[in-house]
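Reader: Hello! I am new to this structure and would like to learn how to read it, one feature at a time. Could you guide me through it?

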Amino acid sequence: MHQSPVSPRGFHVGLPYPTDALSSCFAASYTGIVAFMAVATEGSFSRAAERLGIGRSAVCRNVQKLEAQLSTRLFFRTTRATRLTREGERFFENCNRGVTHIVDAMNDLRDLRQGPPRGQLRIGSTVDFGRKVVAPLLSRFHDAYPDIAVDLVLDDRPADFAADQIDVAFRNGSIADSSIVAKRLVPMPVALCASPAYVERHGLPATLDALSEHDCINLRGASGRVAEWEFEAEGQPRKYLPAARLSFNDADLVLRAVLEGRGIAQMAGYQIREHIERGELVMALPQYAPQGQAHYICYLCRQHLPARIRVLIDFVTEQIRARDPGDLRAFQPDDPQAPAQRMAA
């Protein structure tokens with residue numbers, strides 16, 4: 001919930017009264033004001049009661065309480081007519097402006113959900129995925145929806161939707177947070193890779209145990225911990241924490257080091273696909289690639305989504321599934337040893 005800043009005296013900036021005085025005044029007079037506005041509009045206590053769906057006596061009682069609270073007579077009442085006093089006319093004019101603002105505020109929120117997409121979107125993503133995948137998509141999204149202002153926040157820490165005011169976030173791997181809605185976009189394959197120059201000097205590991213004989217390059221996560229390499233052997237997950245000669249806290253730096261032939265590393269498909277296509281990287285041990293990881297688009301609630309969030313989710317889902325930037329299936333040989341054999345030849 002949005003809260004306005006609090007001044008040293010305990011007032012909320014933007015509110016004309018102390019919040020405790022405002023709340024007590026509002027609670028005491030709300031039903032009276034509703035009854036008063038209905039009577040003033042309909043010109044009759046009976047018709048006002050019909051409009052509000054309550055008894056005439058309840059309308060009379062609420063207006064009388066309001067008059068007592070204000071110490072002001074608001075209506076002239078006769079057996080033939082009910083009309084506003086001068087004070088009542090003044091009060092009606094002021095209240096009517098407030099009602100207009102409330103109606104406009106409600107219509108504005110309805111428009112945000114049901115009308116043309118507009119407003120501000122704050123989007124969170126991990127740094128590397130945000131640069132390589134999300135940012136290019138958002139350029140096309142902005143062309144399609146120019147009335148939506150986009151704020152992309154890149155951070156490898158999990159997005160805090162409330163504290164960071166994030167509308168939508170991209171997450172990779174597996175999602176264990178049950179407090180958010182996580183829509184699966186595409187699988188996220190990972191693969192061990194090395195450059196042709198590295199393979200020429202050192203070859204590729206033929207087994208998981210052979211990894212200890214190679215120059216490994218590690219990625220250190222936002223928490224400060226080194227990310228374990230994940231594999232799947234005989235249907236069971238297996239993790240490996242290599243003794244690395246190089247470690248970086250940036251996925252792009254890991255990729256650069258591998259491209260320079262400095263070692264071998266496990267990286268996500270979206271990072272390495274183009275480099276494999278161009279022959280700049282070679283995959284190792286594809287038969288042990290882990291399953292079940294994916295790219296997700298996440299948000300807090302399925303209900304009452306503003307139009308700007310709905311169109312972003314639909315746009316991104318369609319675009320990423322059509323392109324699938326991390327798909328490595330075309331590069332996985334039928335013979336798992338084929339890459340190493342080709343390089344050895």
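This is a predicted model: local features need pLDDT of at least 70, side-chain atom pairs count only at pLDDT 80 or more; totals for chains, interfaces and linings use all residues.

Reader: Which residues of helix H7 are buried?

Author: Start from the general idea: an α-helix has 3.6 residues a turn, so residues three or four places apart point the same way. In H7, which runs over residues 251–259, the buried residues are Ala251, Asp252, Val254, Leu255, Ala257 and Val258.

Reader: And what caps the N-terminal end of H7?

Author: Look for a side chain that reaches back to the backbone there. Aspartate 250 does this: one of its side-chain oxygens is 2.9 Å from the backbone nitrogen of aspartate 252. Just past the helix, glycine 261 has a positive phi of about 80°.

Reader: Where is serine 195 found, and what is it in contact with beyond its neighbours in sequence?

Author: Serine 195 sits in the loop that links strand S7 (190–194) to helix H6 (196–202). Setting aside neighbours within four places in sequence, serine 195 touches Val258, Leu259, Gly261, Glu280 and Leu281. Val258 is also one of the buried residues of H7.

Reader: Is serine 195 buried or exposed?

Author: Compare its relative accessibility with the cut-off: buried means under 20%. Serine 195 is buried because its value is 2%.

Reader: You mentioned a positive phi at a glycine. Which residues have a positive phi although they are not glycines?

Author: Serine 71 is one, with a phi of about 55°, and glutamate 234 is another, also at about 55°. Serine 71 belongs to the loop between helix H3 (56–70) and strand S1 (75–77). Glutamate 234 belongs to the loop between strands S9 (229–233) and S10 (236–240).

Reader: Why do serine 71 and glutamate 234 count as exposed?

Author: The cut-off for exposed is over 50%. Serine 71 is exposed because its relative accessible area is 66%, and glutamate 234 is exposed because its relative accessibility is 82%.

Reader: Last one: which residues form a nonpolar patch on the surface?

Author: Tyr30, Val34, Leu52 and Ile54 do, and together they have about 310 Å² of accessible area. Take leucine 52, which is part of helix H2 (residues 45–52). Leucine 52 counts as partly exposed because its relative accessibility is 32%.

How values were computed
Residues are numbered from 1 along each chain as its sequence is written. Side-chain values use heavy atoms; hydrogens and water are left out. Patches are made of residues with over 30% relative accessible area and no salt bridge: like charges are joined within 9 Å, nonpolar side chains (Val, Leu, Ile, Met, Phe, Trp, Tyr) within 5 Å. Accessible areas come from the Shrake-Rupley method with a 1.4 Å probe; for residues, only the protein chains shown count as cover. A salt bridge is a side-chain nitrogen of Lys or Arg within 4 Å of a carboxyl oxygen of Asp or Glu. Helices (H or I, at least four residues) and strands (E, at least two) are DSSP runs, numbered from the N terminus. Buried means under 20% relative accessible area, exposed over 50%, partly exposed in between (1.4 Å probe, protein chains only). Contact means heavy atoms within 4.5 Å. A polar contact is a pair of N or O atoms within 3.5 Å; within protein, one must be able to donate a hydrogen and the other to accept it, and residues adjacent in sequence count only if both atoms are side-chain atoms.
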